[in-house]
Amino acid sequence: MKHLRLLLLSFFVCLAPSCAKTDAVGSLLDRLDDALANEDLFRSNLVTRMEDMKALPPSFERDRCIAEGYSGWSLDSTVVYLEKNIARGRALQDRNMVAESEIRLAKAYALAGYHAEAGELLSGYSASNIPQAFKTSYFLVRHILAGERMAYSQTDAAWNQHRAERNALRDSVLALLQNGTFEWLKYKREEAENVGQDSLRLDFSNRMVAVSAEDSRDYAEACFYRAYCEPAGSDGRMEWLCRSAIADVRAGTRDYAALMDLSRLLFGKGDVERSFRYAADHCMPDAIAFGGKLRPWQIARFFPEVESAYAKAGRAHERGMQVMIIIVSALLLLLLAVLFALMLRQRALRKAQRSLEESYATLKESDNVKQAYIAQFLGQLSESIDTSRRYKNHVRKYLKMGNARYLADEIDAMPPIEKDIEGFYKVFDRTFLNLYPGFVDKFNALLLPESAITPKGDSLLTPELRVFALIKLGINDSSSIASLLHYSANTIYNYRAKTKNKARGDRDHFEDAVKAIN
């Protein structure tokens, strides 16, 4: 999906959608944007709580609390601490300790899409041999697993089988739950939904919201269910999805559904820029970081819809442009101005390249100085590209003076812009490797042996290596990297995610290890 962000932004401009929203929806979207802008703060609070708990003496209760804290943040961390408790219970021959931990682990696996693993853990228990203290939890997890399997059934027969199993387990759960609790309301809501009693479903959803603490994970879940009591595509559904997404962000959750559903709804209403920003900048990175099995796949299915919509809009725009070319003869002058501006841009690029080569000889050995120099060069290069736009008025002046033929001859003689971009890559690669001659080998040492990245042909660096070269230089923002390398932001996200997945060690600290290369 190369250049997808650029295409989407163009799509947004071309369509000029009329996204009329109520004041309530607009206010909630602003609150959501503010929460997303500060999500690192909310997540750091969660991480701090986890670190405080880890500092306590090891115990079953400590590890259970840590696993619960990580349950919406990282599947891997959740599994690690639950498996510690399983091993602890087996060592102590404590059947209750093992049963509780295995049921919790089965729940984590079921919700993350690892249905076979969850089923295997539950297979060692039954209604007759499960300890009484964990019977409710046992039926709850079996119900969750049946519902997940139902959602991903490939045949009607399998769907009906899992649905019947889920309904029977729901009855068992309701018989064990206390009337009026969050879980009891949740399963009564599902029961009403199952028989088509919409008014009851709405009532139970409202009661779930009422008994939940705002900004908690329960509140996010309650608002999510409440959203689907509203008509599809309505402002009411958008409002509740916004509330759910805000609560997820404030609770430090990375495994969620509301923000992605809201993204789809916004896309349907024509708010393409915000829709794609939610999906590409938050939903996909969070799903990958959490480590679930199915969520990234579900999100990835959204991107072809965006591309298809853009292609349709592009064809309509092309037809409109053909008409405009016939009717508006002045378009030729605009085209000449743009081409002349490109010529000036090429000259600015060549000048910046020469400046880099001349300035390289004066670099000092200090890494800080090296990094500051290259950052300054890249900033100068971007600035020189921006300043080329200021020549438009100058071009118009010459055109009005009747010098169009002279400008056209110069433009025809211009080399293609791709040559300057390729030249920029070569200069960047050569300069960077002169500063860090062992970068490629040291970078590959951070990866699994079979995942080493080797430049081909006469290229000194591959696109992936250029991305991490910029990260080494202290440029972390994906949008900035995309702008400097003329890639799409989505391509940068993919390069970063795929490469970190090939890391030899802890992928969460992979980029820190890249920055430490000298």
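Helix axes are taken here as lines fitted to C-alpha atoms, for helices over the stretch in contact, and the angles between them run from 0 to 180 degrees between N-to-C directions. Helices (H or I, at least four residues) and strands (E, at least two) are DSSP runs, numbered from the N terminus. The structure is a predicted model, in which local features need pLDDT of at least 70 and side-chain atom pairs count only at pLDDT 80 or more, while totals for chains, interfaces and linings use all residues. Residues are numbered from 1 along each chain as its sequence is written, and side-chain values use heavy atoms, with hydrogens and water left out.

The chain contains 27 helices and 0 strands. Of its 518 residues, 44% are buried, where buried means under 20% relative accessible area, exposed over 50% and partly exposed in between (1.4 Å probe, protein chains only). A contact is defined by heavy atoms within 4.5 Å. Among the contacts in the chain with a separation of 6 or more, 64% join residues 24 or more positions apart.

In soluble globular proteins, nonpolar side chains tend to be buried together. A nonpolar core is defined as a set of buried Ala, Val, Leu, Ile, Met, Phe, Trp, Tyr and Cys residues joined through side-chain atoms within 4.5 Å. The largest such core in this model has 86 residues, and L29, L32, L259, L262 and Y278 are those with the most contacts inside it. Helix α15 (residues 272–290) supplies the largest share of this core, 9 residues. A second, separate core has 33 residues, including V467, F468, I471 and I492.

When neighbours within four places in sequence are left aside, Y278 is in contact with L29, L32, D33, L36, L259, L262, S263, L266 and C283. The axes of helix α2 (residues 23–37) and α15 come within 13 Å and cross at roughly 25 degrees. The two helices are therefore roughly parallel to each other, given that angles under 35 degrees count as roughly parallel, over 145 as roughly antiparallel, 65 to 115 as roughly perpendicular and the rest as oblique. L29, D30, L32, D33 and L36 of α2 make the contact with R274, R277, Y278 and H282 of α15. The crossing of α2 and α15 is left-handed; a crossing is left-handed if the near helix is turned anticlockwise from the far one by less than a right angle, and right-handed if clockwise.

Helix α6 (residues 95–111) packs with α8 at an angle of about 15 degrees, their axes being 9 Å apart. This angle makes α6 roughly parallel to α8. On the α6 side the contact involves I103, A106, K107, A110 and L111, and on the α8 side S137, Y138, V141, I144, L145 and E148. The crossing of α6 and α8 is left-handed.

Helix α8 (135–151) also takes part in the packing of α9, whose buried residues pack against α8 and α10 (182–194). The buried residues of α9 are H162, R166, N167, L169, R170, V173 and L174. An α-helix has 3.6 residues a turn, so residues three or four places apart point the same way. The 21 residues of helix α9 (residues 156–176) should span 30 Å at 1.5 Å a residue, and the end C-alpha atoms are 30 Å apart, which agrees. The expected span is 1.5 Å times one less than the number of residues.

Helix α25 (residues 478–485) and helix α26 (residues 489–501) have axes that come within 8 Å and cross at roughly 110 degrees. That makes α25 roughly perpendicular to α26. The crossing is right-handed. S478, I481 and A482 in α25 meet A489, I492, Y493 and R496 in α26, and I492 is also among the residues of the second core.

The loop between α25 and α26 holds H486. At 31% relative accessibility, H486 counts as partly exposed. Its phi is near 60 degrees, a positive value in a residue other than glycine. H486 and I421 are 65 residues apart in sequence, and their C-alpha atoms are 8.3 Å apart in space.

A positive phi, near 75 degrees, is also found in D215, a residue other than glycine. D215 lies in the loop between α11 (198–210) and α12 (217–227) and is partly exposed, with a relative accessible area of 28%. G268, in helix α14 (residues 258–268), is exposed, with a relative accessible area of 65%. The C-alpha atoms of G268 and G233 are separated by 8.0 Å, the two residues being 35 apart along the chain.
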